[in-house]
Amino acid sequence: MKNKAKIATLAFMYANLCFGASDISLIETEYTPITSAIAINEKTVTLSSHGFLAQQKSSFTISGQTEHIERGLTVIHFNSDETFEFKTFDTYSSPEAIDKLLLILKQLQVNKATFAILAHDSAVNGVLKSSAELAEMGFIKLGALKSREAYVMYNFNGVITEKVNDRSVIISEDVPNLSEDDKIYFPRITYKFEPNNNRYIAHAGGEINGVKSTNSKNALDENYKKGFRLFELDIIETSDKKLVAAHDWDMWARFTDYTGALPPSHSEFMKHKIYGDYTTLDLKGINAWFKAHPDATLVTDKVNDPVTFANQFIDKSRLLMELFSPMAVEEASQHGINAMISQGPLMKIKGDKLQWLAINNVKHVALSRRILSAQNELMLQLRDEGIKVYVYNVNFDPGKDEKYVQENEIGLVYGMYADKWVFDTEAKKDSK
């Protein structure tokens, strides 16, 4: 069983897809004009664009170093033979992103800059806005790009070259000698914030011995020692309606080599350990652990009946429940339960989202870090209202781990669902 634990990280990467969820201490925001600069030792760039149907991650590679990109259109601007900057515009979901992209392309052309563009996933929602204008600028295929298509463009020789395919486009080209171009089109926005261990939620109890998503007592014990004080657990029901901690029953069965009917009974659940080593938790065990750790807070996932659960938990004041419908949020508010609204219902709120959150006394939000680019304005509004946004999907995209989120996104958002504790020891100090 222990050998299986060593490879569990690969086997359960999809666990990061799950939804996860103390005062904001933003000091100031800095707009630092630095590039996403990477040394270019060999003058070769590979652009790999994959449309939605390819179901692969798009990327570009320079000198063996790969950057994976998110949904939309990514522009790479070369500052010299040795440095570059890049930015992704979510042109699928954000009309404003299309306007910003068009403006950048005009500036790049006016300044005779060397740049490349590549698409990932679905870069077009219907018809790309300003398609006629793009065609006039020389981006003929970009102006006619269809939903879900792959697309690559570069102008290394001063001439626009475009390639489109239903699924994938992969090109590798030599980058010519470039004169210095110190113009910065994508200034990096960095944020100063006060370190605080309440910014970090241990995702599914946190990682233990390289294994994620165990929801086990051992994970809670280990990650409490490391510095976490907020612990997310996935709460689901056994066949006899007992509440236990497990991501889902198929995963639990693989973790335990269980071959019986799913869901199991409560007694059957308690017989099995995760990988033969890690102790599972039912509600009695959860309550016992939080009683023994009075400075810890439980963050729930999967539960959408706040009153029933809160009445069974040891300390409602140390409970934060991610909820998945406006009705559940309103119910929690009426009974003094701390609610964290999930991304789905938040984005479906009609009208003034901030007003709705204020009326229902919602101070926490859980959403995917993958939507930050497209929802930057909303993130700033939530931050300025003192609403704590915690992002999940950490470690879902290559290179977008806890350290990346800490250095690039904390401050815009309040915190993250983290598998590992990788934060400075000063962050262990609770904010007052």
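## Surroundings of Arg318

Arg318 touches Phe290, Lys291, His293, Pro294, Asp295, Ala296, Thr297, Leu298 and Phe313, when residues up to four places away in sequence are not counted. The model in which these contacts are found is a predicted one. Arg318 itself is found in the loop between α10 (306-310) and β16 (319-323).

One of the residues that Arg318 touches, Ala296, also takes part in a polar contact: its backbone oxygen lies 2.8 Å from a polar atom of the Arg318 side chain. The relative accessibility of Arg318 is 11%; because buried means under 20%, Arg318 counts as buried.

A search of the whole structure finds 17 salt bridges. In one of them, the side chains of Asp397 and Lys57 meet at 3.3 Å, N to O. Asp397 lies in the loop between β19 (388-392) and α15 (402-408), and Lys57 in the loop between β2 (44-51) and β3 (59-62), so this pair ties together parts that are 340 residues apart in sequence. Asp397 is buried, with 5% relative accessibility, whereas Lys57 is partly exposed, at a relative accessible area of 21%.

Asp397 also forms a salt bridge with the side chain of Arg370, with an N to O distance of 3.1 Å. Arg370 belongs to the loop between β18 (364-368) and α14 (376-384), while Asp397 is in the loop between β19 and α15; the pair therefore ties together parts that are 27 residues apart in sequence. Arg370 counts as partly exposed, at 32% relative accessibility. Through salt bridges that share partners, Lys57, Glu70, Arg369, Arg370, Asp397 and Glu409 are joined into one network.

Are the two partners buried, partly exposed or exposed? Glu222 is partly exposed, with a relative accessible area of 31%. Lys226 is likewise partly exposed, with a relative accessible area of 32%.

## Helix α7 and its packing

Helix α7 (residues 249-256) is largely enclosed by the rest of the structure, because six of its eight residues are buried. These buried residues are Trp249, Met251, Trp252, Ala253, Phe255 and Thr256. They pack against β13 (230-237), β14 (243-245) and α8.

Both ends of α7 have a local feature that can be described. At the start of the helix, a side-chain oxygen of Asp248 reaches to within 3.1 Å of the backbone nitrogen of Asp250. The helix is followed by Asp257, whose phi is positive, near 60°.

## His266 in helix α8

Helix α8 (residues 266-271), one of the elements against which the buried residues of α7 pack, contains His266. Which residues does His266 contact, leaving aside its neighbours within four places in sequence? They are Thr238, Asp240, Lys242, Val244 and Asp282.

Thr238 and His266 are 28 residues apart along the chain, and their C-alpha atoms are separated by 5.6 Å. His266 is partly exposed, with a relative accessible area of 22%.

Technical notes: Residues are numbered from 1 along each chain as its sequence is written. This is a predicted model: local features need pLDDT of at least 70, side-chain atom pairs count only at pLDDT 80 or more; totals for chains, interfaces and linings use all residues. Side-chain values use heavy atoms; hydrogens and water are left out. Helices (H or I, at least four residues) and strands (E, at least two) are DSSP runs, numbered from the N terminus. Buried means under 20% relative accessible area, exposed over 50%, partly exposed in between (1.4 Å probe, protein chains only). A polar contact is a pair of N or O atoms within 3.5 Å; within protein, one must be able to donate a hydrogen and the other to accept it, and residues adjacent in sequence count only if both atoms are side-chain atoms. Contact means heavy atoms within 4.5 Å. A salt bridge is a side-chain nitrogen of Lys or Arg within 4 Å of a carboxyl oxygen of Asp or Glu.
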